[in-house]
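Biologist: Hi! I'm new to this one. Could you walk me through it?

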Amino acid sequence: MIVRNFEPSDFEEVLEIESEAFSEHNPFLYMNFYEMNSEGFLVAEYNGYIVGFVVGYKLSDNEGRIFSLAVRDGFRSMGIGTMLMNAILPVFMTKFLHYASLEVRISNIRAQEFYKRMDFIPCWVEHGYYSDGEDGIIMKKRLTPFTSAFLNDSNKPVFPGKKHSFRLRDYI
Ligand SMILES: CC(C)(COP(=O)(O)OP(=O)(O)OC[C@H]1O[C@@H](n2cnc3c(N)ncnc32)[C@H](O)[C@@H]1OP(=O)(O)O)[C@@H](O)C(=O)NCCC(=O)NCCS
């Protein structure tokens, strides 16, 4: 198993995995990501087949966003998702980004558990984020060690941007 940069010849297999994993598709976005940001597009290859991919990009001066992560059905729970995440986070760090963030469907408990295990923290809910009206949870992970400047009075991490994380208690 290797994790390497996406190449245009991987496109078909990536789209296959993407349409198997997600209900919303936008094939053109993936080629755009490759053209604009090839270092943030990684694939996992096993015996010559693409079995997973991750796409991440610089969202702001200090934040990298995981746009998409998926592992082919039948290859899940083998550590491939973890490998892909462990490969994309250093890409963010080389760009001196301080946070990684992502959004996940509120119904996608397995992915939420996966991200929590990777130290992502649920931060807030985006109501009606998806085109079918489902809510999304924004999760973030600090890429460098916390300092007291980033902890509130209860020793909880404080992320820049939105501040209504309390609403998550209704969901998590
Ligand atoms: C979320 C997703 C990317 C995780 O990928 P994955 O390859 O299954 O992730 P990992 O194998 O690294 O970790 C997942 C599980 O495998 C277990 N695991 C990790 N390495 C393992 C190993 N070597 N042997 C056995 N189990 C292992 C983990 O403990 C974890 O346990 P779980 O079954 O309770 O979740 C994958 O499930 C997926 O593609 N889902 C559909 C798309 C999706 O929801 N993407 C996220 C949208 S935001």
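Modeller: Happy to! Keep in mind that this is a predicted model. One stretch to treat with care is residues 146–151, where pLDDT stays under 50; for those residues the model has eight contacts beyond four places in sequence.

Biologist: Which other stretch has pLDDT under 50?

Modeller: Residues 160–172. The model has 13 contacts beyond four places in sequence for that stretch.

Biologist: And what does the protein average for pLDDT?

Modeller: The average is 87, and 84% of the residues score at least 70.

Biologist: Good to know. How many helices and strands does the protein have?

Modeller: There are four helices and seven strands. Reading from the N terminus, the elements go β-α-α-β-β-β-α-β-α-β-β.

Biologist: How are the strands arranged in the sheet?

Modeller: Seven strands make an open sheet with mixed pairing, in the order E1-E2-E3-E4-E5-E7-E6. At the edges stand E1 (2–5) and E6 (121–126); each has a single partner strand, so one side of each has no neighbour in the sheet. On average, neighbouring strands are turned by 30° against each other, direction ignored.

Biologist: In what sense do E1 and E2 pair?

Modeller: Antiparallel, over four bridges, with E2 covering residues 41–46. To find one of the bridges, look for Arg4, whose partner in E2 is Val43.

Biologist: What about the other part of the sheet? Which strands does H4 lie across?

Modeller: Helix H4, residues 109–117, lies across E5 (99–105) and E7 (136–142). H4 runs at about 165° to E5.

Biologist: Is Tyr99 buried or exposed?

Modeller: Buried, because Tyr99 has 22 C-beta neighbours inside 10 Å, and 20 or more is what counts as buried. Over the protein, buried residues make up 27% of the 172 residues.

Biologist: Changing topic: which residues come nearest to the ligand?

Modeller: Arg76, Ser77, Gly79, Gly81 and Thr82, out of 18 residues around the ligand. The elements giving two or more residues to that shell are E4 (63–71), H3 (80–94), E5 and H4.

Biologist: Which element gives the most to the shell?

Modeller: H4, with four residues.

Biologist: And how do the shell residues divide into nonpolar, polar and charged?

Modeller: Ten are nonpolar, five are polar and three are charged.

Biologist: Where else could I look for a positive phi?

Modeller: Have a look at Asp119, which is not a glycine either and has a positive phi of about 75°. Asp119 sits in the loop between H4 and E6.

Biologist: Why does Asp119 count as exposed?

Modeller: Because 12 other C-beta atoms lie within 10 Å of Asp119, and 12 or fewer means exposed.

Biologist: One more: what share of the contacts between residues at least 6 apart in sequence join residues at least 24 apart?

Modeller: That share is 60%.

How values were computed:
Residues numbered from 1 in each chain as written. Predicted model: local features only at pLDDT ≥ 70, side-chain atom pairs only at ≥ 80, totals over all residues. pLDDT = per-residue confidence, 0-100. Contact = placed C-beta atoms within 7 Å. Pairing = 2+ DSSP bridges. Axes fitted to C-alpha atoms, helices over the stretch in contact; angles between N-to-C directions. Near = placed C-beta within 6 Å. Nonpolar A, V, L, I, M, F, W, Y, C, P; charged D, E, K, R; others polar.
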